[in-house]
Protein chains: 4
Amino acid sequence: MKIGILTSGGDCPGLNAVIRGSVLKGVISYDTEFVGFRNGWRGVVEEDIVPIVRHDVRGLAKQGGTILGSSRTNPFEGEGGGPEKIQEMLDRNGIDAIVAIGGEGTLTAARRLYDEGGIKVIGVPKTIDNDLAATDYSFGFDTAVQIATEAIDRLRTTADSHGRCMVLEVMGRHVGWIALHSGMAGGAHAILIPEQPQSIEQIAEWVESVRDRGRAPLVVVAEGFKFDDMAEAHSHKGLDAFNRPRLGGIAELIAPMIEERTGIESRATVLGHIQRGGEPTAFDRVLATRLGMAVVDAVHDGAWGSMVTLRGTDIETVSIADAVGTLNRVPQSRYDEAKILFG
Amino acid sequence: MKIGILTSGGDCPGLNAVIRGSVLKGVISYDTEFVGFRNGWRGVVEEDIVPIVRHDVRGLAKQGGTILGSSRTNPFEGEGGGPEKIQEMLDRNGIDAIVAIGGEGTLTAARRLYDEGGIKVIGVPKTIDNDLAATDYSFGFDTAVQIATEAIDRLRTTADSHGRCMVLEVMGRHVGWIALHSGMAGGAHAILIPEQPQSIEQIAEWVESVRDRGRAPLVVVAEGFKFDDMAEAHSHKGLDAFNRPRLGGIAELIAPMIEERTGIESRATVLGHIQRGGEPTAFDRVLATRLGMAVVDAVHDGAWGSMVTLRGTDIETVSIADAVGTLNRVPQSRYDEAKILFG
Amino acid sequence: MKIGILTSGGDCPGLNAVIRGSVLKGVISYDTEFVGFRNGWRGVVEEDIVPIVRHDVRGLAKQGGTILGSSRTNPFEGEGGGPEKIQEMLDRNGIDAIVAIGGEGTLTAARRLYDEGGIKVIGVPKTIDNDLAATDYSFGFDTAVQIATEAIDRLRTTADSHGRCMVLEVMGRHVGWIALHSGMAGGAHAILIPEQPQSIEQIAEWVESVRDRGRAPLVVVAEGFKFDDMAEAHSHKGLDAFNRPRLGGIAELIAPMIEERTGIESRATVLGHIQRGGEPTAFDRVLATRLGMAVVDAVHDGAWGSMVTLRGTDIETVSIADAVGTLNRVPQSRYDEAKILFG
Amino acid sequence: MKIGILTSGGDCPGLNAVIRGSVLKGVISYDTEFVGFRNGWRGVVEEDIVPIVRHDVRGLAKQGGTILGSSRTNPFEGEGGGPEKIQEMLDRNGIDAIVAIGGEGTLTAARRLYDEGGIKVIGVPKTIDNDLAATDYSFGFDTAVQIATEAIDRLRTTADSHGRCMVLEVMGRHVGWIALHSGMAGGAHAILIPEQPQSIEQIAEWVESVRDRGRAPLVVVAEGFKFDDMAEAHSHKGLDAFNRPRLGGIAELIAPMIEERTGIESRATVLGHIQRGGEPTAFDRVLATRLGMAVVDAVHDGAWGSMVTLRGTDIETVSIADAVGTLNRVPQSRYDEAKILFG
């Protein structure tokens, strides 16, 4: 048995731990051979393949990034793309199955490759934003929350020294889990997430209430947060014309709006790529290792078209078809829970 | 409504976050008043009570330890102990309910106080070892695993430089969760836990196999690990006579045994109290905050004799009677999963 | 003897450790009394004074920020400003001497207060950028370098995964010490500092050379870096019109310029206020504590108009007049040393 | 020109950064070739030599340990030892010079090889204890202090929760620098170092004084600390008979002595090998990199028999003969400075 592994989409702490978990499990338990497709699906469609032996995964549990590289290539694109061409490439290289580590796009594509062409592929969910509904948590999320929380801890003391309002922008394009968890952990006074549009008036009210209690306000905002009325949306759009989205965006928009409304000196910090890189937390290393091991079992069980997930403390296998399509949004109850701490 | 909070038993990162979560939730949502019993049940039986206002919990989410102090006092002991005396004390101080944050002993005592005397008490499970079956994880555990993992990361490089075998002892008197998770996260070559007695011959075999692959062996051992035969048990017992248990124990016993059998220079490190103190991880801060908030809801729901727990990603309320009594052991499947990585 | 302490200017890890060092030294060795002026010189001119007793500084060595607050107020401004009014205020409050912890502006003002009005003031240099020539290192600098280095470590893995060029902007308005040290520590492929203007062509050449060696380029840039020719200066200036300086600036300008010239996808990260806050490193805690203790000795020696500094491993006292006025620039030799690692 | 590098003696964070600094500097500035002697002087006497190319040092600045391995072998021992045999080996392998990274023993041996046999060798001082007088600081020391300080921070909260006295043993066989700096940074209430013997009565007095102020006492002790009278020496010696030195030693001796005298529950923690391993701090990475680069300059200058050192912020070259032989003890003034904080 020879398995080809690929990592696709945005970087995420724990990718290397998944690769290591798979390779060790396969080599030791099943005498499986491994190759890697370089740079995600691009390595599949371009037949860019490297062998992976046990020695290659040494020390990888703690190493951020992915030794295989990543890209946003789609397996249905390009000359080598589509199920037929991919099956030919697999046959040519004696590869029996693909383990695809990636987000919703990758998992959907993997399922389509199986449905349309019988490609033997199994997925490992990767979403630093924690936006996949099929798994309680995905690896990388805990690390991102920890990094964001440490940033909040640092911002807090400097906010207090100057009596400033600090606005920290964290990842979360469609869902606000990183903002919610880091905000709760760091003691934020307002948490702004895509699922819960707010008006600048409401935000200013929270900020002023904090100031009135003698504290320096700290606001955590997910990159995908949007205001709940047209005026702000327009003003946001206006700034886009000056190419703001490339500059990190929402925090740098909100901070001056808070300052204007409250008179409290306000500063924006955009964490950005720091959240995606570096050593995974122990939690993520364990989760990623277990997922990596479990997917090899799933391969040997022939569970094609499925993916491995975390449920409670168990690793389970679910159909990709059932798993993707639904965004794992922050439910109202979790936002209400956190909201107690606002203002 | 006035709630009295206590923290009991060994220190655990996140205790202060629970207190903060409860006080903020109670003050803001229910206009509840709070007092603290100092040093666990001792504060109850000795009527050592301090008021807790909102300002007192400021910044506590990230602070290790417990502002209330702790002890191993039993509420049934002493002059002020027992349900009747405690109820009198509560009445005298206008306290309506007790929130007891503690381990199996505390939870059992809490339940007995409710069963035997109708004391209105609700528990929050605290076990850094993660040995309570009623909750997926308990706060403090993730922090302990993270600290142990960082220690393994550090030991690994120095082990490699000298070609030594390193034996790291972590907490875990009855269950091996901290050893299992930190060992998986850190890439240990053997994980020794109370649930899985091993012979020194087996351990030496793993160590030699690692050495034969050109690596420096790393062994993680839970403090409660025991050998599986009499000879070692005896030798262990013998060393006890020289007061070894106070010296950390098992790692310092195993390291020279490994060295003797394999000829590989071996060194023991006992992490000890470092695992119990300091800042909780973001994971533990969120969990502890949520438990602290939920227990106040449970108080207002009158769920006496119950405790709050984590199930998947949800905080639930369960009867203490159902929850305690069963140790949350590392199941065979989880040990087998990790064992792939041994040797 | 009663000493009034103030902290002035931008936040810096170690301010609280200086306060603690002074208060403990004064209370224990000299039986000195302490008060704090709130928010820097503003507390002096507005007579906003709080007592500081031993208990207030408990645990402060590790705490970021300043319990006294800070501001950019000038002691010569406002109704209570100027040497005469300040002396009256000191007399009115029985304060014998001022310990002023601040940067070049504060130290210069302190000296002027002494020269023009005989105000008994001694300075403690505070510059996170390490731009004061009179001291080998100033507290806070080591912490900022450590934080920037950890950010580089994280960016590196994600850069490698995607084959991207990462541009990290760190503090350093007039001097490039933080960029130089964190760049060396993190293995940056180009370090851009105010002392060494470069052309975008040179930067692109370094970046391409790195790419050609198969690595993901990592550029560290100090916020005060400037291009060495007019074209870039103009383009930089043009962007300023859209209020860029408030958005972090230079990294977000350079990244797209690199991408345009090299075709390598490039991303900017601006560390910002995170560098100023949070726990100081052990190095900074020791340095700040020693400076805080030494300044109390200097007060008791009557060394008015002087400041305490680090020279090698010794804390010394030097005249402020001799100490300020010269910027501690990165010398050519140190840049040449680091430049070996570029490209 | 071909340089052979070796790392000798106990592990120390920054060894790899020195190797990387040397190789990059040599390859880029001088077109130098490099080989490594494996496991310190053992690789020299056993002619165990590996090539080192630029690619081998990639990412090494942040990696603990030494890729060359280490040992405590003496270059005058063994069949291949002594200046004559070593010169033959160097000639045989076309090696022009040796860069020896090690402590006092290594540096002394290096000097003797040069003096007695004209071996072209230059030293880089390595002492995690900071016990070499010729350099302000040696790499690894800052990392050890940081690790010890973080341990103190963690122990403090758990000490406070239980009202316990914590005794932390850190490295420092002959000098107390790690204890002094981490103790000052962490706010220890007593710092016990080899240079300053104390009686158990004095220690107990400090501990009781802390308790009387309502705090949990924290004692930091260097492994080489000794009591100042015979009684304790005897008791210490007695315990040795039960093989205590292998168990960490002094902290585990002192804790029960404190408990016996003061009645305060006391616990020992021995940090041990954790201080030697893992990622160096940014400070140590910069220092190690600069020393590594400077030693290559010294080789090209033919400064045989010398070593590179840190003086203030400068890297200098000094004669080994002048540099070794004097222990860098904690001076009385530095102990007095810290002592203010005791009790």
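Predicted model: local features only at pLDDT ≥ 70, side-chain atom pairs only at ≥ 80, totals over all residues.

**Chain C and its two interfaces**

Modeller: Let's start with the chain A side: 41 residues of chain C are in contact with 40 residues of chain A. Together they bury about 3000 Å², with carbon and sulfur atoms giving 54% of that. Arg154(C), His273(C) and Ile274(C) supply 23% of the area chain C buries here, more than any other three residues. As for secondary structure, α5 (141–162), α9 (250–262) and β9 (266–270) of chain C each give two or more residues to this side, and α5(C) has the largest share with 10 residues. By type, the chain C side splits into 11 nonpolar, 19 polar and 11 charged residues. Even with those charged residues on the chain C side, the salt-bridge count between chain C and chain A is 0. What you do get across this interface is 17 residue pairs in polar contact.

Now for chain D. This contact takes 41 residues from chain D and 41 residues from chain C, and the buried area is about 3600 Å², of which carbon and sulfur atoms give 57%. Here the count is 4 salt bridges. Arg285(D), for instance, pairs with Asp153(C), their closest N and O atoms being 2.7 Å apart. Polar contacts come to 8 residue pairs across the chain D and chain C interface. On the chain D side, the elements giving two or more residues are α1 (15–30), α5 (141–162), α6 (177–186), α10 (282–300) and α12 (332–339). The largest share, 7 residues, comes from α10(D). That side of chain D divides into 13 nonpolar, 12 polar and 16 charged residues.

Technical notes. Residues numbered from 1 in each chain as written. Chains lettered and ligands numbered in written order. Heavy atoms only, no water. Contact = heavy atoms within 4.5 Å. Buried area = accessible area lost by both parts, 1.4 Å probe. Salt bridge = Lys/Arg side-chain N within 4 Å of Asp/Glu carboxyl O. Polar contact = N/O pair within 3.5 Å; in protein donor to acceptor, adjacent residues only side chain to side chain. Helix = DSSP H or I, 4+ residues; strand = E, 2+ residues; numbered from the N terminus. Nonpolar A, V, L, I, M, F, W, Y, C, P; charged D, E, K, R; others polar.
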